[in-house]
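Colleague: I'd like to go through the charged pairs in this model. Can you take my questions one at a time?

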Amino acid sequence: MNIFNPLLELLYPTRCLVCAQAGAIVHPACQGKLAYVKEPFCHLCCAPLTDRHCNSLLCRMPEAYRALTGVRSVFWHEGGGREAVLRLKYRGVSSLRNWAASEVANALQRFQLAGHFDRILAIPLHPQHLRQRGYNQAGIVAAAVAPLLDLPYNSQYLVRQRATRSQVELNAPDRAINVRDAFRWNGPPLQGQRILLFDDVCTTGATLNECARSLQSAGAADIWALTLTREFVKK
């Protein structure tokens, strides 16, 4: 069942992602409390850095298998950013889509990636999961970002060809195994194209990289991932 229901949003007023008071998605006084991704972070995987060396799954991955050029995120996975992901993913708060799209477009400017891409895509759900949830939270945000960046967006070409276990309870190596060969590109050739791949949250980067591998096989030359938040699993 699709829980993106306008009636639900009329019955339950918009509450600030930071202070939870009604009236705005983020009150002006709360804007500065959002945990935007800032240096120091790994310029490959966007994990927070406490040392010069990053030991993330994506950074440890053999270069021949790593299809992503880099990962960037708008927020760390805490506070208001984490709350935005939860509302999009589990509560179906569709009014967040335009706010999230604006934050994504602004982040591309901050990371000096604006104007770099030929198209935007979103991590797809398996059809069975899509039927159960009724919407793809990454897809609705990517669709709202596309006109802001003047990029084409199509939700039909990139598909998840097999259902996978939830990544939530898996460690980093098992996450990579779980999504291996899970995606397929069914669209026209991507020869030489620069792709912006969007998802709501990056934890290890395993899903993003596996999706990027399918795009690379279709001819994409440069694939960046951008997510609303960046979580980090070391194990």
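**Salt bridges in the predicted model**

Modeller: Start with Arg 213, which makes a salt bridge to Glu 210, with the closest N and O atoms 2.7 Å apart. This is a predicted model.

Colleague: Which helix holds both Arg 213 and Glu 210?

Modeller: The two residues are 3 apart. That is about one turn of the helix. Both lie in helix α8.

Colleague: Is Glu 210 buried or exposed?

Modeller: Buried means under 20% relative accessible area. Glu 210 has 4%, so Glu 210 is buried.

Colleague: How far apart are the closest N and O atoms of Glu 83 and Arg 87?

Modeller: Glu 83 and Arg 87 are 4 residues apart in helix α3, about one helical turn. Glu 83 is buried at 17%, and Arg 87 is buried at 11%. They form a salt bridge, and the closest N and O atoms are 2.8 Å apart.

Colleague: How many residues separate Arg 194 and Asp 118?

Modeller: Their side chains meet in a salt bridge, 3.3 Å from N to O. The pair links distant parts of the chain: Arg 194 is in strand β5, and Asp 118 is in the loop between α4 and β2. The separation is 76 residues.

Colleague: How many salt bridges does the structure hold?

Modeller: Arg 213 pairs with Glu 210, Glu 83 with Arg 87, and Arg 194 with Asp 118. The number of salt bridges in the structure is 3.

Methods. Residues numbered from 1 in each chain as written. Predicted model: local features only at pLDDT ≥ 70, side-chain atom pairs only at ≥ 80, totals over all residues. Heavy atoms only, no water. Salt bridge = Lys/Arg side-chain N within 4 Å of Asp/Glu carboxyl O. Buried < 20%, exposed > 50% of the residue type's maximum accessible area, 1.4 Å probe, protein only.
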